[in-house]
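This briefing sets out how one chain is built, how its parts meet, and how it meets its partner. The topics are taken in turn below.

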Amino acid sequence: MVVGVKTGRECLDRGGASLGALASGDDRSSLETSMAAPIPLVDYLVLGDEPHLVANECTSCGARFFDRRNACAGCFATDFRKVDVDSSGEVRAFTIVAFAAPGIAVPFVSAIVDCGGTSVRANLLNVTPDPEHVTLGMKVRLTTSSMGVDEAGTEAIGFGYEPA
Amino acid sequence: MASDDIWILGIHMTKFGKHPDKDTVDLAAEATMGALADGGVSMREMGVLAAGNLLGGGIGQQLQKQVGQTGIPVYNVANACATGATAVRVAYMAVKAGECDMGLAVGVEKLAGAGLLAGGSRKEDSKTWTPAGRYGAIAAIDGRIGTETMPGTFAQIGMEYGHRYGGATFELFAKISEKNHAHSTLNPLAAYTKRMSLEEIMNDVMISYPNTRPMCSANCDGAAAAVVVSDAKLKTLSVEQRRRAVKISASILTTDPYEEACQVLPNVNTLTRNAAKQAYEKAGIGPSDLDLVELHDCFATAELVHYDNLMLCPEGGAVDFFNSGATWRDGSTPVNVSGGLESKGHPIAATGIANLWEIATHLRGEAGPRQIEGAKVGLAHVIGLGSACGLHILEKSAA
Ligand SMILES: [Zn+2]
């Protein structure tokens, strides 16, 4: 156990990266034109024709962060740029979670995926969640999935990786 | 002439398990009074109190009201699962700095029945998607962007080691758990003392592959406390106190330096390796000198990687090292002869002091049926995710 891996500081504004992409439209939403554009699960998921992840990259040392940082954890510099993360990768570690928080369907596969040198944590999708079908070193690619709509009719889109 | 060494003068741990009739302060008081009695001293001699209770918050002053209010400085410390080790280090530093010549460290937790401990960032989903937090998340990410549960996080840590070096199978991890459960049968203070077969462990409830239930640390109640003393002060005490005193040859605390991937999977390796290097250098002791090790087996998957991190084996050699039998109590480097967190239990803030108690008890030759014969040097290690690593090397008194 733990005290959480993450900073407890919360901030209500969000990085602009994904908002711009959303405005350009996603073909999922065109099915029902009355609905608002879909919203990504996190702001480092960019929707659109080719959904992908973006990171804040330190312009000084190249360290990449999915959240915003006040200064680089690696070199303390304060300039960052948005970079696209490779959408294909290799499973470096995984676990098959059988006990999870309420509302999360189990079992599911959590994995650490090496995407061209940038490590990403995500669920593995479209794969049978057992050790016969999930293996270390397996090649995967980014995919998205609907999380349903909220009371305002907005659809949320999550991401994961599926066997390549 | 006195050296600047710091010693453990008295140390005590309560039985780990369920204590429905005692509250947190009662347990802390039991450990405190036990440690004072063990050291042959009283609250009057204590110059500092460092207290840890992760889930309940600061309890130092409440504890004083039950065991003695003398006006000394109290530090309420919190450092995840390294809280107990951090409390010891706070008392150690105060004595080392010359602010006082004796200090007390206490760790306590009431955790029986706490269930699955999650990563801490889970929040309720709202009825309309509203981005919030540093990731602009519109819903809790635990379970949707991988897992933040402890069993899952540490499962991935063990699997990553397997990916890098090979050989880390479900069965291997279960065998590590089999060892610790076997060791626990000799420890009357452990929460669980039942031997479990490999089959029983592998067929038990799967929590997060490859960790089944008995491969996870046991939530339980418990407390532990230690009295530390300066070398100069120890020299003024009785022959018996000096004989039973245990030298703190190294007291180290590290955090995780930045590395790629640490934002998605906590790196428990580098900070442990850094702490081990510092500790061995400080103590002038190498891994092969260790007669026993209590390391942070919060999950069976974690124990494997720490063999390597603590340099008990060559880099990448943890699987072969375990398979050689080295870490069983009759092996070359007995690990977790107390039963470890998987069977002794893991009352979070108490853990980092209870493992010192285990080492000290063997060095004093007072471990009864589970005594590691002739033990002179031992190492105690804890990891708190976030992360913090507390590491102590203890040596038997020459007196
Ligand atoms: Zn940088």
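Predicted model: local features only at pLDDT ≥ 70, side-chain atom pairs only at ≥ 80, totals over all residues.

Read from the N terminus, the elements of chain A follow the order α-α-β-β-β-β-β-β-β-β-β-β. That amounts to two helices and ten strands in chain A.

**Overall build of chain A**

- Chain A has 164 residues, and 46% of them count as buried.
- Among the contacts in chain A with a separation of 6 or more, 47% are between residues 24 or more positions apart.
- The domain assignment divides chain A into domain 1, which covers 1-19 + 33-47 + 87-164, and domain 2, which covers 52-85.

**Where domain 1 meets domain 2 in chain A**

- Domain 1 of chain A contributes 15 residues to the contact, and domain 2 of chain A contributes nine residues.
- About 1,100 Å² is buried between domain 1 and domain 2 of chain A, with 62% of this area on carbon and sulfur atoms.
- On the side of domain 1 of chain A, the residues that lose the most area to domain 2 are A:Tyr44, A:Val46 and A:Thr118, which together make up 45% of what that side buries.
- The interface of domain 1 and domain 2 of chain A has zero salt bridges.
- Four residue pairs are in polar contact across the interface of domain 1 and domain 2 of chain A, both residues being at pLDDT 80 or more.
- Two or more residues of the domain 1 side that touches domain 2 come from each of β2 (45-46), β8 (118-124) and β10 (155-163) of chain A.
- The largest share of this domain 1 side is that of β8(A), with three residues.
- By residue class, the side of domain 1 of chain A that touches domain 2 holds ten nonpolar, three polar and two charged residues.

**Where chain A meets chain B**

- The contact between the chains involves 67 residues of chain A and 53 residues of chain B.
- Chain A and chain B bury about 5,400 Å² between them, and carbon and sulfur atoms give 60% of that area.
- Two salt bridges are found across the interface of chain A and chain B.
- A salt bridge joins the side chains of A:Arg121 and B:Glu148, at 3.2 Å from N to O.
- Polar contacts between chain A and chain B number 21 residue pairs, with both residues at pLDDT 80 or more.
- On the side of chain A that touches chain B, the elements giving two or more residues are β1 (39-40), β4 (64-65), β6 (88-97), β7 (108-115), β8, β9 (139-149) and β10 of chain A.
- The largest share of the chain A side, eight residues, belongs to β6(A).
- The side of chain A that touches chain B comprises 38 nonpolar, 13 polar and 16 charged residues.

**B:Ser251 in chain B**

- B:Ser251 lies in strand β8 of chain B, which spans residues 246-255.
- Is B:Ser251 buried or exposed? B:Ser251 counts as buried because its relative accessible area is 4%, under the 20% cut-off.
- The side chain of B:Ser251 makes a polar contact of 2.9 Å with the side chain of B:His392.
- Beyond its neighbours within four places in sequence, B:Ser251 is in contact with B:Arg89, B:Tyr92, B:Leu391 and B:His392.

Note on methods:
Residues numbered from 1 in each chain as written. Chains lettered and ligands numbered in written order. Heavy atoms only, no water. Domains from an automatic or database assignment. Contact = heavy atoms within 4.5 Å. Buried area = accessible area lost by both parts, 1.4 Å probe. Salt bridge = Lys/Arg side-chain N within 4 Å of Asp/Glu carboxyl O. Polar contact = N/O pair within 3.5 Å; in protein donor to acceptor, adjacent residues only side chain to side chain. Helix = DSSP H or I, 4+ residues; strand = E, 2+ residues; numbered from the N terminus. Nonpolar A, V, L, I, M, F, W, Y, C, P; charged D, E, K, R; others polar. Buried < 20%, exposed > 50% of the residue type's maximum accessible area, 1.4 Å probe, protein only.
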